[in-house]
2 protein chains.
Amino acid sequence: MAGTDSTLDTVPETAGSRPAVILVEPQLGENIGATARAMLNCGLDELRLVRPRDGWPNPNAHAAASGADRVLEAARVFDSTEAAVADLRRVWATTARRRDMVKPVLTPRAAAQEMREIAARNESFGILFGPERTGLSNDDVVLAGAVIEVPLNPSFRSLNLAQAVLLVAYEWFQSTPQAPPREEILAGARPATTEELATLFHYLEQDLDTAGFLRPIEKRPIMVRNLRNIFLRAGLTETEVKTLHGVVRSLSGRRNRQPS
Amino acid sequence: MAGTDSTLDTVPETAGSRPAVILVEPQLGENIGATARAMLNCGLDELRLVRPRDGWPNPNAHAAASGADRVLEAARVFDSTEAAVADLRRVWATTARRRDMVKPVLTPRAAAQEMREIAARNESFGILFGPERTGLSNDDVVLAGAVIEVPLNPSFRSLNLAQAVLLVAYEWFQSTPQAPPREEILAGARPATTEELATLFHYLEQDLDTAGFLRPIEKRPIMVRNLRNIFLRAGLTETEVKTLHGVVRSLSGRRNRQPS
């Protein structure tokens, strides 16, 4: 949108990376527009859409954006959540209800502190938001390293999509870059990309299928999810992913395979 | 609304008074409904309306309230801002722009701290929000003891009315002394013991030795350490350790082995 390119020029915290906001299967264009507005209120401008119900672009989104059109115009559309997060080093999933999944659960405020550490290293990261009615599927949540849950009135927790985005983005904006970083556990190593992890999972699960481990078939999805969750939680480096490729290849006795 | 009277019963912070939300000359019913929803999300239920443009009640408000109808039904309508705040001991005014007025200007977070002190004394208090386009008039702001200004992207500060209410109400709700801090949720699972981890490492490394992976021998200690580090960092549960035993056993094709 002409004339608004400098919208973020005066945002105090332009140093380092900023979170991408990823809406998975958003239903209402109005909510996408209100999301763009809430993002720009908090200095965020990278919007990703996974299979928006009413297609894209959507005129209703622009009507609700109240001037945040540049966020909508730069939005990218993806066919799957996996594709939408493939290039991100770290992903948070927002959920309204507890999942039977082993993941750290953070408040938006605590998550913002973690994000600042990643932003300070200029790494790419993003936050997943689910569809209006149902929220994120478990398959989407498992892609995330941690879950964000907004502390709200337990008797009335249903938050509008754009309101949820606003609260998380607001805490990001309020958090100070000078907060003491948590101890650097990666010691200079490059964190694995989501795509590198996906390749590891692909080979591991293929070998486990061959070995007959992922059975019965109806339990395969949950077994796969639990397994991926372990490795996602570990925050693997590129080198560690290579090591694990070697471990899987070595154990399964298929030395000739050439992953990654 | 029948059956929802207990909505606030389980709100953790029912002790003491809570802020009334006062919308001055709100224009859109949708925004009044979304305000009610945001209020109830944060445990607030006292809504006051000063000269709502489209009269009251307003069906559009109910459509946007998503179940927070009891807040709308209990809303009281006033002819003037003075009348709406007459019984309140202390009033905050939300503004998007600075006024030529000597008043303390607080962030929502700082204001919430002040409100907690008043709530602890069980005194009545409220927060003023202005009309969608223009915000509060100076005559309204002057009724308040202090001003609340939300820190936002200075190049894009225009916040939807219900979004403004949400942010202020959210900070109120987060300021509860007993607000849940960051939690590490294991979804009821028991963390693995050091011994269980040691057994897992023992079998994994034994199989990798057999497969010839941990070579050359002089590099074995560091390879073992790096591998263990991955799993130690993941914070495994007892169940996950069992799963990984299964994975290793399955990949290495030794089904007859009986670990732990």
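**Close-up views of helix packing and the chain interface**

**View 1. Helices H8 and H9 of chain A.** In this predicted model, the axes of helix H8 (residues 194-210) of chain A and helix H9 (residues 220-233) of chain A come within 11 Å and cross at roughly 135 degrees. Axes are lines fitted to C-alpha atoms, for helices over the stretch in contact, with angles from 0 to 180 degrees between N-to-C directions; helices are DSSP runs (H or I, at least four residues) numbered from the N terminus. H8(A) is therefore oblique to H9(A), oblique being what is left after under 35 degrees (roughly parallel), over 145 (roughly antiparallel) and 65 to 115 (roughly perpendicular). On the H8(A) side the contact (heavy atoms within 4.5 Å) includes Phe201(A) and Leu204(A), and on the H9(A) side Val224(A) and Leu227(A).

**View 2. Helix H7 of chain A against helix H7 of chain B.** The axes of these helices, residues 161-174 in each chain, come within 11 Å and cross at roughly 55 degrees. That makes H7(A) oblique to H7(B). Among the residues that meet are Leu166(A), Tyr170(A), Leu166(B) and Tyr170(B).

**View 3. The interface of chain A and chain B.** Chain A gives 73 residues to the contact and chain B gives 70 residues. Across this interface the rule finds 2 salt bridges, each a side-chain nitrogen of Lys or Arg within 4 Å of a carboxyl oxygen of Asp or Glu. Glu171(A) forms a salt bridge with Arg109(B), with the closest N and O atoms 2.9 Å apart.

**Notes.** Residues are numbered from 1 along each chain as its sequence is written, and chains are lettered from A and ligands numbered from 1 in the order in which they are written. Local features need pLDDT of at least 70, side-chain atom pairs count only at pLDDT 80 or more, and totals for chains, interfaces and linings use all residues, while side-chain values use heavy atoms, leaving out hydrogens and water.

Definitions and conventions. Helices (H or I, at least four residues) and strands (E, at least two) are DSSP runs, numbered from the N terminus.
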